[in-house]
Amino acid sequence: MLSITAGSKLSASEPVDEAARTASYLSAIRSLDDGGPMLNAVIVYDRDAPEKSRAAADAGPLKGRFILVKDNVETREWPTTAGSLALKDNRTGRDAPPVARIRAAGGVILGKTNLSEWANIRSNDSSSGWSAIGGQTRNPHAIDRNPCGSSSGSGAAIAAGMAWAAIGTETNGSITCPASVNGIVGFKPTVGLVSRTHIVPISVTQDTAGPMARSVADAALLLSAIAGSDPADPATAEADQYKTDFTRSLDTASLKGVRIGVLRNQAGTDPRLLALFEQARADMERAGAVFVDVDFQPEGSFWQRSLQVLLFELREGMDEYLATRPVEGGPRSLAEVVAFNKANAAQELRWFDQGLFEQSLTTTDAAAYRAARDANLRATREDGIDRLLREQNLAVLVAPTMQPAWPIDLLGGDNFGGRVGAGYLAAIAGYPHLTVPMGAVERLPVGISFMGGKWQDHAILKIGAAYERARSASVPVPSFLPWSPVED
């Protein structure tokens, strides 16, 4: 019998025993999520999944593989809550296009994953991975450490062996951060490659769904299934032109002669993390890559403009989504969500406030918004990634993705220390960003980021797959225990 252990790989082409695979995933959910360490990664799952998988075993490229879906993405079976009690009855009966494409490709939707409530846009003081619906998600590598957000449940569930792959969503780091700290692969595609229709929105400029998996090949296979144009999402008008079999040539991709830009200013100062990053660089150099140090620093008003864009687009997008839901009852605007949270403060506002929601309601200057959006797009595209790649004839930019996971602190919120990572560059530009496990610091996983230009998704995946083969560092296996220092 095939046994899929936490952290193990199941490649895109590997034959599987469907009954054993089903038993492994359901056993992991029952023993690790419903019991044991109580990871709180999965909100709901389909107990009839084994029968559905057998029926789909010979259908399409996914061949009955199980996929978990973040609970801000609509599925016809279950409510889509975004983690909020305000949407606990938001049973729309619709599949978001990525979900419909998964089913058409022979995939089976196993269940829905917990997330940082409202995809972590409610407050500056939140604890990533907490929602009123699902509670606090825990990192399977150290259950007292944060899983990062907002696709926290998707990252933790895949690391814990609860499904073959998962769908996450990202506005700024919400696929790549949880993938990095949970020790899995995460891919944020070019904005516009995957439809956002029927996904609870934050930013029309930056939002995208993407795959989270144990290997680059698995992430590429899932991306092949979910990519494509959608008439209801104008951003995807060119997606069919760039959609391909993203698994093609991954197994033969080479780093020989590939010029890679190192974002030194975004590598942090932790000597243990830097040593791992240098090991990754040495691995790729042995495989033939050529490295060039590059410099990027956002200018002073960059972050202020970024927040302004998100808050303006949040209010507009949320109002439209809530107002058009085919469901009776529940909030119809962001203002009504704010009122709901105040009326249910004991459950919704116990640990942190809704300051960003309230600020969004007053961010209404359209001209200022457009100026801020255009300035930051130039800063991250023409004057950012595009310039860095062009000036040094580079194929990709690299940096550590994030620092290791920090302790869960519901009272104090997240501790994004260390100034590690440059995912904001790809997030704001809307360009592809892949994170691949790079090793561990004191048993806590860390990833390495590969970022490139618009529509360079396949090229980035091939470089990531080549690194994955060249990697010499050990990839940690979840302990499902609290963190403790490694003994010398």
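In which helix is valine 338 found? In this predicted model, valine 338 belongs to helix H10, which covers residues 334–343. With a relative accessibility of 5%, valine 338 counts as buried, the cut-off for that class being under 20% relative accessible area.

When neighbours within four places in sequence are set aside, the contacts of valine 338 are Gln354, Phe357, Glu358 and Leu361.

## The disulfide

How many disulfides does a search of the whole structure find? The search returns 1 disulfide, and the cysteines that it joins are cysteine 148 and cysteine 177, with an S to S distance of 1.7 Å. Cysteine 148 is placed in the loop between strand E5 (135–136) and helix H4 (152–159), while cysteine 177 is part of helix H5 (residues 176–182), so the bond ties together parts of the chain that are 29 residues apart in sequence.

The torsion about the S-S bond is about 105°, and the disulfide is therefore right-handed. Both ends of the pair are classed as buried: cysteine 148 has a relative accessibility of 1%, and cysteine 177 has one of 5%.

## Helix H4

Helix H4, which ends the loop that carries cysteine 148, is largely enclosed by the rest of the structure, because 8 of its 8 residues are buried. These buried residues are Ser152, Gly153, Ser154, Gly155, Ala156, Ala157, Ile158 and Ala159.

Against which elements do the buried residues of H4 pack? Their partners are strand E1 (42–45), strand E2 (66–70), strand E3 (108–113), strand E6 (165–170), helix H5 and strand E8 (208–213). After H4 comes glycine 161, whose phi is positive, near 75°.

## Salt bridges

Side chains of opposite charge can pair when their charged atoms come close. A search of the whole structure finds 18 salt bridges, and among them is the pair formed by arginine 94 and glutamate 74, whose closest N and O atoms are 2.7 Å apart. This pair links distant parts of the chain, 20 residues apart, with both arginine 94 and glutamate 74 lying in the loop between E2 and helix H3 (97–104). Glutamate 74 has a relative accessible area of 0% and is buried.

Another salt bridge brings together the side chains of arginine 305 and glutamate 299, with an N to O distance of 2.7 Å. Here arginine 305 counts as buried at 14% relative accessibility, whereas glutamate 299, with a relative accessible area of 40%, is partly exposed. In the salt bridge between arginine 373 and aspartate 374 the N to O distance is 3.1 Å; arginine 373 is partly exposed at 23% relative accessibility, and aspartate 374 is likewise partly exposed at 32%. Beyond these pairs, a network of salt bridges links Arg264, Glu278, Arg281, Glu285 and Asp293.

Methods. Residues are numbered from 1 along each chain as its sequence is written. This is a predicted model: local features need pLDDT of at least 70, side-chain atom pairs count only at pLDDT 80 or more; totals for chains, interfaces and linings use all residues. Side-chain values use heavy atoms; hydrogens and water are left out. A disulfide is a pair of cysteine sulfur atoms within 2.5 Å. Helices (H or I, at least four residues) and strands (E, at least two) are DSSP runs, numbered from the N terminus. Buried means under 20% relative accessible area, exposed over 50%, partly exposed in between (1.4 Å probe, protein chains only). Contact means heavy atoms within 4.5 Å. A salt bridge is a side-chain nitrogen of Lys or Arg within 4 Å of a carboxyl oxygen of Asp or Glu.
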